[in-house]
Number of protein chains: 2
Amino acid sequence: MFSRHITAIVGVSSFCLGIWMDRKYRELNTLHKIPGFKIFDAVYADGIVTTNQELIVNNEQRISQIMKYGFPSLDNVRSYKNFVLSYDQRNRIPHWVLEHLTPESVQYNPNVDRASCDFYEDNSFHEFFRATNSDYKNSGFDRGHLAAAGNHKSSQELIKQTFVLSNIAPQVGKGFNRSAWNNLEKYVRKKAKYNKNTYICSGPLFLPKKGDDGKLWIKYQVIGDHHVAVPTHFFKIIVSESTESKFHLECYIMPNQVIPDDIPLKDFQMPLEVIERASGLQFFKRLTLDKFNKLN
Amino acid sequence: MFSRHITAIVGVSSFCLGIWMDRKYRELNTLHKIPGFKIFDAVYADGIVTTNQELIVNNEQRISQIMKYGFPSLDNVRSYKNFVLSYDQRNRIPHWVLEHLTPESVQYNPNVDRASCDFYEDNSFHEFFRATNSDYKNSGFDRGHLAAAGNHKSSQELIKQTFVLSNIAPQVGKGFNRSAWNNLEKYVRKKAKYNKNTYICSGPLFLPKKGDDGKLWIKYQVIGDHHVAVPTHFFKIIVSESTESKFHLECYIMPNQVIPDDIPLKDFQMPLEVIERASGLQFFKRLTLDKFNKLN
């Protein structure tokens, strides 16, 4: 009788243990199981995390931290150590890239050498959809960072990750990537230095223009064998959390063209809604609007 | 000693049973668990399935049947009784729509009245991204079905679901939607009548054209307040499984313009790869190519 009880107890416990262990295992792997949805691909592809379980867990905590206020969308998400992105397989550029910065993370490590970083293909995408360096070659466009290289200068490994081509989109070089867009990136770093947490979401836009026929048209160039799309505009959304846990939101849209140096940054400010409607995305959904003490 | 063996066996079996039952349960629910990924939204939104558990399970079985050979992508997936779609929130049209037809499902029920069906908004999407009837009004474009109304005439409820605006894209009416595209849809139904199973994936394309400057440009109109994109082309991929379980693949690309009536259907056939590269999607991935006894 007693041994039957024991058997029953062991049975029930093992049943529950089976569920628990499986769930625990699956929690780490759920996103892998969905066909095509491999959130940690990039991490594996990069050869950083292969057998070290501790590193995997740390990285998941980091992803939760970066994505604390919600995913703008779930299409082809890839996570890196310091940023998370969603890749647009049709346009071979990101849908969005999300970074989390702190005063510590933007500190410059003098051992970091940006010049030694090379742009590299994201092998976690099928070759049909993968942007390559040769797509950009002789195109006349810069390989423009969405997660800025300059935001991740605390270690060589971190800056190197920003050079993956799934974090890159064609940008007008002189007068944009090296001027107005760069100034916006510098402004972000300044904000990051003086706030507890700064979250930045950057991405491309394809905005319509009225044609001579009075109709609205979206028109953009594609470059290289893989037809990498050249966005008409870029957006950047900055959420900063002060040491008093007050939130501040700023949104920018810049045209992907030569921008005169004397136009102040604030002239590119836009309501969040404009970016949401144009991109088809929703940003920082878990951060309710009443948390913001100042809105642009 | 013996009872210890029994206990151990019960323990191990229960452990495995626990895993198996939990997995079985989770297989049905995995897609729900991802934040923002509500695969069955539309079913709920439509008011068809609310409290009836049996209907939910049946519907899940139906989704597995429709999607048997893989999801082309996982961006904003919605399931209906007879088709599954992925919605492009930026362009306010589907990325792809997948149907599964059988000789029975394409049988015409004389009680079905297409004329009484009205196009309706998909309330499962945020109003920013939702195409509306007023977007199409006076645009000069038809509200073109991706899952064809004519494929779902076995019941009023099924045909009605094809009129949801997330299954619709702007199509040139006279000379395309009512001619060449319609002929392709009729051809699909004929195939469905004479095969055990027919799977059809339809969607929009935005193909580049060489400009006077020698560069490649993608250019398309957007209509209405929500800037609904007018695709330059449409694709249709047909996988049919004969009664002998042999598979046959046919792929078509048609320009969204007036097409002369005398151009035969086969002139629009294209290799699958062309559609995959242009759409950023991969189709019927679970159906290995060696299963096909005939490829176009």
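Two strands pair if DSSP finds at least two bridges between them. Helices (H or I, at least four residues) and strands (E, at least two) are themselves DSSP runs, numbered from the N terminus.

The model is predicted: local features need pLDDT of at least 70, side-chain atom pairs count only at pLDDT 80 or more, and totals for chains, interfaces and linings use all residues. Residues are numbered from 1 along each chain as its sequence is written, chains are lettered from A and ligands numbered from 1 in the order in which they are written, and side-chain values use heavy atoms, with hydrogens and water left out.

**View 1. A:Lys191 and A:Glu250 meet in a salt bridge.**
A salt bridge puts a side-chain nitrogen of Lys or Arg within 4 Å of a carboxyl oxygen of Asp or Glu. Here the N to O distance is 2.7 Å. The pair links distant parts of chain A, 59 residues apart. A:Lys191 sits in helix H6 (residues 173–193), and A:Glu250 sits in strand E11 (residues 247–255). How accessible is A:Lys191? A:Lys191 is buried, at 11% relative accessible area (buried is under 20%, exposed over 50%, partly exposed in between; 1.4 Å probe, protein chains only). A:Glu250 is buried as well, at 3%. Over all chains, the structure holds 16 salt bridges.

**View 2. B:Glu241 and B:Lys196 form a salt bridge.**
The N to O distance is 3.7 Å. This pair also connects distant parts of its chain, 45 residues apart. B:Glu241 belongs to strand E10 (residues 233–241) of chain B. B:Lys196 lies in the loop between helix H6 (173–193) and strand E6 (197–205) of chain B. Look at the cover on each partner. B:Glu241 is buried, with 7% relative accessibility. B:Lys196 is partly exposed, with 32%.

**View 3. B:Asp267 bridges to B:Lys266.**
The closest N and O atoms of this salt bridge are 3.5 Å apart. B:Asp267 is partly exposed at 46% relative accessible area. B:Lys266 is exposed at 59%.

**View 4. Strand E7 of chain A pairs with strand E8 of chain A.**
E7 covers residues 209–210, and E8 covers residues 216–223. They run antiparallel and share 2 bridges. Which residue of E8(A) is the bridge partner of A:Lys209? The partner is A:Trp217. The hairpin of E7(A) and E8(A) has 5 residues between its strands. In that hairpin, A:Gly214 takes a positive phi near 80 degrees. Turn to chain B for B:Lys209, which lies in strand E7 (residues 209–210) of that chain. B:Lys209 is exposed, at 65% relative accessibility.

**View 5. Strand E8 of chain A meets strand E8 of chain B.**
How many bridges join these two strands? There are 7, and the strands run antiparallel. Find A:Tyr220: B:Ile218 in E8(B) stands opposite.

**View 6. E8(A) and strand E9 of chain A form a hairpin.**
E9(A) spans residues 228–229. The two strands run antiparallel and are joined by 2 bridges. A:Val222 faces A:Ala229 of E9(A) across the pairing. There are 4 residues between the strands. A:Gly224, in the turn, has a positive phi of about 75 degrees.

**View 7. Strand E3 of chain B is largely enclosed by the rest of the structure.**
Why is E3(B) described as largely enclosed? The reason is that 9 of the 9 residues of this strand (residues 93–101) are buried. On strand E2 (residues 83–88) of chain B, E3(B) has an antiparallel partner joined by 6 bridges. B:Asp88 stands opposite B:Ile93 in this pairing. The hairpin of E2(B) and E3(B) has 4 residues between the strands. There, B:Arg92 takes a positive phi near 60 degrees. E3(B) also pairs with E6(B), antiparallel, through 5 bridges. In this pairing B:His100 stands opposite B:Tyr199.

**View 8. B:Gln269 lies in a loop of chain B.**
The loop runs between strand E11 (247–255) and helix H7 (272–279). B:Gln269 is partly exposed, at 28% relative accessible area.
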